[in-house]
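Welcome! Please take a moment to look over the structure below, and then we can walk through it together, topic by topic.

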Amino acid sequence: MNPPEPILKVEGLSKNYRQAGGESTPAIDDISLEVQEGEFVSLVGPSGCGKTTRLMCIAGLAEPSAGRAVVKSVEVAGPPRNLVLVFQEYNKSLFAWRTVLGNVLFGIESKGARVAGAEAKAGRLIEMVGLVGFERHYPWELSGGMQQRVAIARALAYEPEVLLMDEPFGSVDAMTRLELEDGLLKLWKELRTTILFVTHDIEEAIYLSDRIYVLGRRPSRVVQTLDVGLPRPRNQIATRADPAFMRLRNEIYRRTADGSAE
Amino acid sequence: MKPRRLNVSGFAVFTAALFFWEILSRTRPELQSYFPPPSGVLRALAELSVLREILRHLIETLGRFLSGYLIAAALAVGAGVILGYSRTAYSFFAAPIELCRPMPSVAIIPVAILTLGIGNAMMIAVTVYAAAWPILVNTIDGVRHIDRTLIDTGRTFGLGRWKILRRIALPAAAPHIATGLRVSLPIALILVTTAEMVVGASGLGFYILDEERSLRTTNMYAGVAAVALAGYSLNRLFVAVESRAMAWHRGASGKGSRERE
């Protein structure tokens, strides 16, 4: 029995920057991965291994030096209509001149013509990310965690089939981070959006994902693919205390350590 | 921050200066043909015939000012957004802009007379020319400094170049654009008044010069006071509108981002 055609497929994708001499580094750090519809997949790797760059290529915001990304059987050339990227730097990505409601409405407006009931829909999303009462606030009036929730609500308002997330919780404090993880899992469960999540936090990747692609440091290519298989719904205490969780964590730590030692 | 309150000490200095002028003028009558007492100027303004005359010219001046200023704003913001966004366009026009901008704009008046004659069109044209520079330069600057992430956000949401310009670059650069508009406001008024002095048959610039030539010094000062008051009021009005429209920006930049609290 063949598995269904993946909604997102990345084949031998690499992105090299030309060095001062004009020579580009050899393309040994290509990655390949597949994401099935409705899956939550993480790409985890050490800082500086080019995760963001690769994600930009998948999002069609940068051009790969080699390889390709395919979304719903269409090769990515420019930003695909059915995919949206959530940036790590939410404070640079949110529209400072728009309120929370305005930012979320932007996601709906970007789909095309002004949809009837757009405000009601934006209101529902704001409720889902727990920001009721802050509709008329500007981003600067919110904490970092709240700002990133606005950015996520705005992305979901666009109704993407694939949501790419680039270390979205990388710049918030640890407590907020746990809250945001649980919030994201709840949204994912309700909306069944396919998510490709990039992080350098191994535990975060395990906690959230169905499957994990582990990137080595150098060459930064996929060194391991892991099915998480932990029961859902997950729980910050129970899941993280699960022996299977520990095993996965140790396994990934070992693999990334190997990668850097080579 | 509330809209600026009246600056009491500054106001006191201004009043004291007028008072000193009043005294000097009254004690030295031989100076009065050059420096009539301020009270005399006020009395002139209170005279219905003078006031009506000044108001008539003020309306002419304001009409030209508004036409020139608004045309300049539309042209310079439009061009500035494109030049700020497109590296190619910028590379073509950056040098010409830097060459033309430092030239005192009044130098364009003879050219305008030559090509457009001495009517309204000429006066509005020089106003547009002079007022456009600060708006253009500030708009370009504002758009060029937009963070890459903001533009990429527009792209990932499927916006094309034109929509990114209109819906992201324009509002993101709005605080810079507002600065340009504020700088241009008095410049536009200066050019209108100057043009009126050179070629006008109406307007406060014409009135001031005409009264001076007719040795009606008091009326001349009344005209100067009127144009000063117009400039001051326009600026106050602008600042009031700007602080309302840019409230989001003052908050965002004033408090800074509150993450890592």
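## Strands of chain A

In this predicted model, A:V84 sits opposite A:L163, a residue of β7(A).

**The six-stranded sheet**

- Strands β6(A) and β7 (residues 162–166) of chain A run parallel and are joined by four bridges.
- Both strands belong to an open sheet of six strands in chain A, ordered β6-β7-β8-β3-β9-β10.
- The pairing in this sheet is mixed. In general, the strands of a sheet pair through backbone hydrogen bonds, and they do so either parallel or antiparallel.
- Which strands lie at the edges? They are β6 and β10 (222–227) of chain A, each of which pairs on one side only.
- From one strand to the next, the twist averages 15°.

**Other strand pairs in chain A**

- Strand β1 (residues 8–14) of chain A runs antiparallel to strand β4 (residues 66–71) of chain A, with five bridges between them.
- Within that pairing, A:V10 is found opposite A:A69 of β4(A).
- β4(A) also pairs with strand β5 (residues 74–75) of chain A, again antiparallel, through two bridges.
- Here A:V70 faces A:E75 of β5(A).
- β4(A) and β5(A) make a hairpin with two residues between them, and A:K72 in the turn has a positive phi of about 50°.

**Where the two chains touch**

- How many residues does each chain bring to the contact? Chain A gives 23 residues and chain B gives 22 residues.
- On the side of chain A that touches chain B, β6 (83–86) and α2 (90–93) of chain A each provide at least two residues.
- The largest share of that side comes from α2(A), with three residues.
- Sorted by class, the side of chain A that touches chain B has twelve nonpolar, seven polar and four charged residues.

**Chain B as a whole**

- Chain B has eleven helices and zero strands.
- Its C-alpha atoms fill a box of roughly 75 × 55 × 30 Å along the principal axes.
- Of the 261 residues of chain B, 36% count as buried.
- Take the contacts in chain B between residues at least 6 apart in sequence: 74% of them join residues at least 24 apart.

**Helix pairs in chain B**

- Two packed helices are described by the angle between their axes and the distance between the axes.
- For helix α3 (residues 48–85) of chain B and α8(B), the angle is about 145° and the axes are 8 Å apart.
- The crossing of α3(B) and α8(B) is right-handed.
- The contact of α3(B) with α8(B) includes 17 nonpolar, five polar and two charged residues.
- Helix α5 (residues 109–116) of chain B and helix α6 (residues 120–144) of chain B cross at roughly 145°, and their axes come within 9 Å.
- α5(B) and α6(B) also make a right-handed crossing.
- On the α5(B) side, the contact is made by B:I109, B:A112, B:I113 and B:L116, and on the α6(B) side by B:A121, B:M122, B:A125 and B:V126.
- What classes do these residues fall into? The contact of α5(B) with α6(B) has eight nonpolar, no polar and no charged residues.

**The nonpolar cores**

- The largest nonpolar core has 128 residues, and those touching the most other members are A:V104, A:L164, B:I135, B:A169 and B:A188.
- Helix α8 (residues 161–199) of chain B gives the most to this core, supplying 18 residues.
- Another core lies apart from it, with twelve residues that include B:A44, B:Y207, B:A222 and B:V227.
- Leaving out residues up to four places away in sequence, A:V104 touches A:A122, A:L125, A:I126, A:V150, A:A153, A:R154 and A:A157.

**A closer look at B:A230**

- B:A230 is found in helix α10 (residues 217–245) of chain B.
- Why does B:A230 count as partly exposed? It does so because 17 C-beta neighbours lie inside 10 Å, while a buried residue needs 20 or more.
- Beyond its neighbours within four places in sequence, B:A230 is in contact with B:L58, B:L62 and B:L189.
- B:A230 and B:L70 are 160 residues apart along the chain, and their C-alpha atoms are separated by 17 Å.

Notes: Residues numbered from 1 in each chain as written. Chains lettered and ligands numbered in written order. Predicted model: local features only at pLDDT ≥ 70, side-chain atom pairs only at ≥ 80, totals over all residues. Core = buried A, V, L, I, M, F, W, Y, C linked by C-beta atoms within 7 Å. Contact = placed C-beta atoms within 7 Å. Axes fitted to C-alpha atoms, helices over the stretch in contact; angles between N-to-C directions. Left-handed = near helix turned anticlockwise from the far one by under 90°. Nonpolar A, V, L, I, M, F, W, Y, C, P; charged D, E, K, R; others polar. Pairing = 2+ DSSP bridges.
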